[in-house]
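Subject: Structure handover

Hi,

Here is the structure I promised to pass on. Please open it first, then read my notes below.

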Amino acid sequence: MILLTMPRGNWFGRAAAAVLLSALAVVAFAAEPASVPPSTQPALSHLADQIARGTPDEAAAAADEFVRQIIEPVAASLKNLEQRPAAEQRRVLQALQRVHAGLRIRLYQANLPPEDAQLFDQVAAGNGDLVERLFDDDPRRRLAALYQIPLEPGSAAGVLVTSRLFDWDAPVVEAALNIAARLGDDPATMRGLARFVEGASQAVCGSPGALPADEAAAWADFSNRAICLLGNSKARSSVPVIVEAIRCFGRPPYRTLFRVAEALDALGRIGDERAVPLLLECTTDPEQHAIRSLGAGSLLRVTVGDAALLALAHIYALPPDELGFVSAPGDHPLTGFLDERTRRNALRLFALWYKENGEKPPQERTPLIPQATPITEPAAHTPAEQP
């Protein structure tokens, strides 16, 4: 699934949304050929493929023809619309708005996995008006519809809420993320969040330079927030998607709004060993993530590398305090190191443990043995140097 967004300020553009929507049309027309008259099916399908895969010139020409073939039959049927009374014109225009919503619904449906498509079909059959308003042209109607979704875990709520992550208006995306958080570990919500993160990273890094940097940074911001929700719910199936998103957004210029340490922390909370190779790469990242005063001149610092090491400790069930981590409780708990020497020793201590245990089955791993004095043996290596 592809993310379609409009700006917080100037962040997003309708042009990018239109290009991505055209790409989705390839899937939609291939999956639902009965949605257009038989005489135009081959032409539209071919044009949609050219839009998605052709050269820029071919795509532009195909897009013009694609739009013409869709619009001309509708325009012909409305050529005398202005001669009708105002009330009748309004009813026809309202029907046209439903056409826009219907197209967006079909595009969204075409990209859903079977289990979520079934949930979506069930709610659409029983509450088609709510579904149409979720895909309406007017962002105010989409927002209102979002807040009218009954939030019942295990229902179609998660499919409906996460549909608005693929919106072209930033406040709608933000509202969808906030409502998704209220659904907790609902399976459909977790699948929708993972599709969103995957679509965003593919759109930005699948074709580098295809999007302006500010738009890509905004997608990074929303993806980061979605990843945190996946971490809160310990969504194991999302680990490969999160890893790829970190590799995409964890570098400049996207890194500015992505907050890599928070994404690494989410991997630690999920606790899946498929994240280990990435975490090992990040353990020596010196970028400062957070700092907090503990009084009496004592400062607790957290780097991106600290977040990666802490995540590894959680995944391998190693007590963080035995590595030298210090935690500051509160509304926003923080875990890091008080000095650089303790940080270096923690990296060396974990490297020794990982060398002996990292490739063993869990039942054969030995406990971590804390060191009372700094480790200085030359045999110790940083985790990033391990195979």
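The largest nonpolar core has 94 residues. Within that core, Leu264 and Phe350 touch the most other members. There is also a second, separate core of six residues, including Leu44, Leu47, Ala48 and Ala62. In soluble globular proteins, nonpolar side chains tend to be buried together. Bear in mind that this is a predicted model.

Next, a helix pair. Helix 7 covers residues 139–147, and helix 9 covers residues 170–182. Their axes come within 10 Å and cross at roughly 5°. Angles under 35 degrees count as roughly parallel, so helix 7 is roughly parallel to helix 9. From helix 7, the residues in the contact are Pro139, Arg142, Leu143, Leu146 and Tyr147. They meet Pro171, Val172, Ala175, Ala176 and Ile179 in helix 9. By class, this contact has nine nonpolar residues, no polar ones and one charged residue.

Look at Arg142 in helix 7. Is Arg142 buried or exposed? Its relative accessible area is 0%, so Arg142 is buried. Leaving aside neighbours within four places in sequence, Arg142 is in contact with several residues, among them Asp136, Asp137, Asp167 and Asp169. Trp168 and Val172 are also on that list, as are Arg133 and Arg164.

Last, helix 10. This helix runs over residues 187–205 and has 19 residues. From its first C-alpha to its last it reaches 27 Å, close to the 27 Å expected at 1.5 Å a residue. Of its 19 residues, 14 are buried, so helix 10 is largely enclosed by the rest of the structure.

Best wishes

How values were computed: Residues numbered from 1 in each chain as written. Predicted model: local features only at pLDDT ≥ 70, side-chain atom pairs only at ≥ 80, totals over all residues. Heavy atoms only, no water. Axes fitted to C-alpha atoms, helices over the stretch in contact; angles between N-to-C directions. Helix = DSSP H or I, 4+ residues; strand = E, 2+ residues; numbered from the N terminus. Parallel < 35°, antiparallel > 145°, perpendicular 65-115°, else oblique. Contact = heavy atoms within 4.5 Å. Nonpolar A, V, L, I, M, F, W, Y, C, P; charged D, E, K, R; others polar. Buried < 20%, exposed > 50% of the residue type's maximum accessible area, 1.4 Å probe, protein only. Expected span 1.5 Å × (residues − 1). Core = buried A, V, L, I, M, F, W, Y, C linked by side-chain atoms within 4.5 Å.
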